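Grab the model and work through these exercises with it open. Each one sets a task and then walks through a solution.

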Amino acid sequence: MAMEITQFLLAAQSPDARVRTEAENTLKQFQEQNSPQFLLSLSFELANDDKPSESRRLAGILLKNSLDAKDSARKDHLAKQWCAIDLSLKSQIKELLLRTLASPALEARHTSAQVVAKVASIEIPQKQWPELVGSLLNNMTQQGSPAHLKQSTLETLGYVCEEISHHDLLQDEVNSVLTAVVQGMNQSENAAEVRLAATKALLNALDFSQTNFENEMERSYIMKMVCETACAKEMDIRQAAFECLVSIASTYYEVLEQYMETLFQLTSNAVKGDEESVALQAVEFWSTICDEEIDRQEYDSDSSSPLHSCFIEKALPHLVPLLLETLEKQEEDQDHDDDVWNISMAGGTCLGLVARTVGDGVVPLVMPFVETNIRKANWRSREAATYAFGSILEGPTIEKLAPMVGAGLEFLLTATKDENNHVRDTTAWTLSRIFEFLHSPDSGFSVISPENLPRVVVVLLESMKDVPNVAEKVCGAIYNLAQGYEDAGASSSLLTPYLTEIIQHLLAAAERTDGAESKLRAAAYETLNEVVRCSNLLEASNIIGQLLPVIMSKLGQTMELQTVSTEDREKQAELQASLCGVLQVIIQKLSSKDESKPIIMQNADQIMMLFLRVFGCNSSSVHEEAMLAIGALAYATGAEFLKYMPELFKYLQMGLQNFEEYQVCSITVGVIGDICRALDEKVLPFCDQIMTLLIQNLQSDALNRSVKPPIFSSFGDIALAIGAQFERYVATALQIMQGAAQVCAQMDTLDEELMDYANQLRRSIFEAYSGILQGFKDAKAEVMIPYAQHLLQFVELVSKDSLRDESVTKAAVAAMGDLADVIGDKTKHLFNNFTFCGEFLNECLDSEDEDLKVTARWTQGMIARLIVSSS
């Protein structure tokens with residue numbers, strides 16, 4: 001029997017902290033002692049219309065939190081907990097949830113719809129709760145069903161479709177769901193709340209509708225209903241209908257041809273005259289069509305390439321004027337708020353996608369608009385013209401763009417002094433785009449010449465002093481300007497004479513107190529990193545050498561900052577992270593040439609001391625950046641790095657145990673690899689503790705799974721460093737690797753996210769095998785003989801997977817070669833038995849990837865040598 005918990009739910013929301021804490025503890029105790037009864041009591045509370053809305057609201061929140069979590073490990077744990085509950089008790093809870101859908105209280109219905117979907121997400125994939133869809137559809141078809149029940153039922157169907165995969169429902173169920181949803185959209189039969197819920201439900205059900213969209217009659221009926229709904233008198237219903245059209249454009253592009261005229265009319269009317277939230281979706285429809293066509297253009301035009309209907313090209317003469325019209329609908333303060341998204345920005349973004357889709361064809365349609373508006377008195381016209389110009393710089397050919405950019409560059413440089421902030425902001429952004437797409441001296445073309453570079457630099461440095469939002473865009477322009485010179489020949493860089501001044505201005509921008517809101521400081525440091533990274537080291541080593549103590553001093557000063565509030569600590573962490581990032585780039589740059597490496601060696605002790613002090617300030621973002629910089633320092637100092645290990649080691653351990661901030665853990669794993677490469681066998685005294693932690697991490701369900709592939713790769717790094725000494729870890733490490741290989745074999749290949757993870761995991765297992773094998777090359781190779789068969793079985797399994805990533809193939813082929821190379825004769829019978837090897841290697845030799853071919857040839861040679869030498 002469910003326990004009466006209303007008083008505790010209300011007390012847990014009391015303004016009195018003592019009462020609140022006591023009630024929270026009681027609820028927590030109840031949950032821990034008897035979780036099934038706790039869930040039943042919450043369900044009773046939510047279903048009971050006589051209970052206060054406050055207690056029902058909290059009951060709903062607690063129910064959701066007992067079934068779902070953002071963290072994947074916690075989510076799995078909660079799902080297992082639910083599955084373990086007694087069947088009759090689960091049935092009671094589900095019955096109460098379904099009953100709540102009929103409640104007159106909107107909030108209770110809404111919460112119940114979400115909870116039903118969470119339960120469905122656990123049960124339906126396991127073929128449980130088969131009656132759910134039927135009972136929901138019954139609510140829709142039953143004579144006299146009230147509008148509010150239909151509304152909550154449709155909302156539930158939408159959430160269920162969002163939570164489960166389209167493979168989990170039978171086609172008959174999909175047909176019934178779609179029928180109910182589309183009927184719910186019918187204007188003449190349903191209240192507005194029902195039609196809105198139906199349209200939102202359709203959005204989530206579209207992924208399930210593949211078969212229905214292949215049938216012209218069914219497809220046309222769905223499209224007719226969506227198009228009619230896009231003209232509804234209620235704004236939120238129109239918006240939901242256009243969201244459906246955006247999803248249809250992405251999912252069912254191939255079958256849109258016959259509807260495009262109607263869709264152009266609908267979207268055009270919405271862009272010109274509807275509320276902004278609707279107009280934004282109408283523009284998004286065309287952006288989505290562009291995305292689809294850009295993707296399709298990347299395929300070779302063979303019979304297997306997906307259909308390309310050239311919708312954008314056909315609509316171009318009407319679509320471009322429509323988008324240009326939106327550009328003059330700017331908001332007064334849009335440049336100051338990163339979260340702003342309005343019709344002007346959406347129109348410009350879509351215009352940029354149109355340019356990428358059709359290339360040169362967009363230029364003659366846009367340039368008259370630019371020329372007409374660029375000099376007008378009204379700032380909106382000038383800003384719109386500049387935005388249009390900047391938007392079409394990616395896509396058209398250099399031949400088409402070069403003359404107009406060449407002619408317009410001086411005008412834009414002058415416009416950085418425009419009286420209007422918005423115009424200056426967009427001008428700086430456009431200059432940044434010009435330098436990104438039309439400034440590649442190494443490829444033989446750049447709008448920047450030795451003649452105009454001085455003027456460009458002067459203008460940019462002057463504009464760095466502008467208001468923060470403009471200065472931030474100018475940082476972007478300098479970033480792209482520097483990047484263009486990165487590969488411009490080893491002898492000299494045209495930017496070198498200006499480096500000192502550029503660095504001074506970037507440091508000054510980073511110091512500005514008015515720049516906090518616009519992220520100017522972060523932009524200035526990111527740009528400084530790129531300027532250093534792309535500089536010509538032969539010419540710039542002194543300049544970068546002088547920058548090093550400046551940055552070290554700034555990092556030292558951050559330790560003295562007053563940190564009273566959380567905001568103070570966040571600002572300190574942000575600044576420290578940026579400065580550690582700059583140090584990392586300086587270390588990498590100066591240590592890349594023997595001539596400048598001594599600069600790092602001389603300062604290494606002080607740099608390391610700073611990093612260790614940074615670890616004392618407890619913030620994960622700083623720990624990430626400091627760890628990355630330590631990895632660079634290890635690479636630079638090599639065996640000398642050993643002296644830092646006693647002090648550093650506790651922070652490496654902390655990093656490896658930081659499951660909460662798993663990015664820190666992941667980066668620490670990478671740094672372990674850097675340290676192994678730097679120290680070789682000198683890392684041995686630390687390996688027992690490192691391997692223990694790495695193995696614990698792999699065995700833990702609490703650690704985010706994305707960290708696990710790098711851990712396997714690090715096994716290879718450790719083995720390469722300590723050679724035959726790795727023998728003591730082989731049994732445990734290989735057992736876990738074999739277990740992970742088995743998990744890969746069982747993964748759902750239809751889940752794209754899971755497939756990406758599977759590829760990372762497989763690649764890292766092969767990298768681990770390669771590193772471990774090579775580690776034993778000079779001694780004790782026989783240790784690996786018992787694992788040779790498993791490795792080849794795993795390669796064979798992967799070779800049969802057509803969805804494998806190219807990097808997985810490369811790692812698999814390399815591991816095969818390492819097996820033949822290291823163990824030699826003892827594997828001859830295995831290579832003879834595994835007949836797939838020859839075919840797999842031939843497939844790799846036919847690849848267009850040059851690296852893969854080289855690896856495959858080497859592996860083929862290793863296996864051939866083995867078979868010939870022992871025959």
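**Exercise 1.** Work out how helix α25 and helix α27 pack against each other.

Solution. Start with the geometry: α25 (residues 499–511) and α27 (residues 537–558) in this predicted model pack at about 15°, their axes 11 Å apart. Axes here are lines fitted to C-alpha atoms, for helices over the stretch in contact, with angles from 0 to 180 degrees between N-to-C directions. Helices themselves are DSSP runs of H or I with at least four residues, numbered from the N terminus.

Next, classify the angle. Anything under 35 degrees counts as roughly parallel, so α25 and α27 are roughly parallel to each other. For handedness, α25 passes α27 in a right-handed crossing (the near helix is turned clockwise from the far one by less than a right angle).

Now list who meets whom, with contact meaning heavy atoms within 4.5 Å. From α25 come L499, T500, I503, L507 and E511; from α27 come A540, I543, L547, V550, I551 and K554. Sorted by type, the residues of this contact give 8 nonpolar, 1 polar and 2 charged (Ala, Val, Leu, Ile, Met, Phe, Trp, Tyr, Cys and Pro count as nonpolar, Asp, Glu, Lys and Arg as charged, the others, Gly among them, as polar).

Before moving on, two notes on the ground rules. Residues are numbered from 1 along each chain as its sequence is written, and side-chain values use heavy atoms, leaving out hydrogens and water. Because the model is predicted, local features need pLDDT of at least 70 and side-chain atom pairs count only at pLDDT 80 or more, while totals for chains, interfaces and linings use all residues.

**Exercise 2.** Which parts of the chain does the salt bridge between K94 and E123 tie together?

Solution. First, the pair: the side chains of K94 and E123 meet at 2.7 Å, N to O. A salt bridge needs a side-chain nitrogen of Lys or Arg within 4 Å of a carboxyl oxygen of Asp or Glu. K94 sits in helix α6 (residues 87–100) and E123 in helix α7 (residues 106–123), so the pair links parts 29 residues apart in sequence.

Then check burial, where buried means under 20% relative accessible area, exposed over 50%, and partly exposed in between (1.4 Å probe, protein chains only). K94 is buried at 10%, and E123 is buried at 1%.

**Exercise 3.** Are D425 and K473 buried or partly exposed?

Solution. Locate the bridge: D425 and K473 meet at 3.1 Å, N to O. D425 lies in helix α22 (residues 421–437) and K473 in helix α24 (residues 468–484), so the pair ties together parts 48 residues apart in sequence. D425 is buried at 3%, whereas K473 is partly exposed at 25%.

**Exercise 4.** Describe the surroundings of V456.

Solution. V456 is in helix α23 (residues 453–463) and is buried, with a relative accessible area of 0%. Leaving out residues up to four places away in sequence, V456 touches L413, F435, I448 and L481.

Definitions and conventions
Helices (H or I, at least four residues) and strands (E, at least two) are DSSP runs, numbered from the N terminus. Angles under 35 degrees count as roughly parallel, over 145 as roughly antiparallel, 65 to 115 as roughly perpendicular and the rest as oblique.
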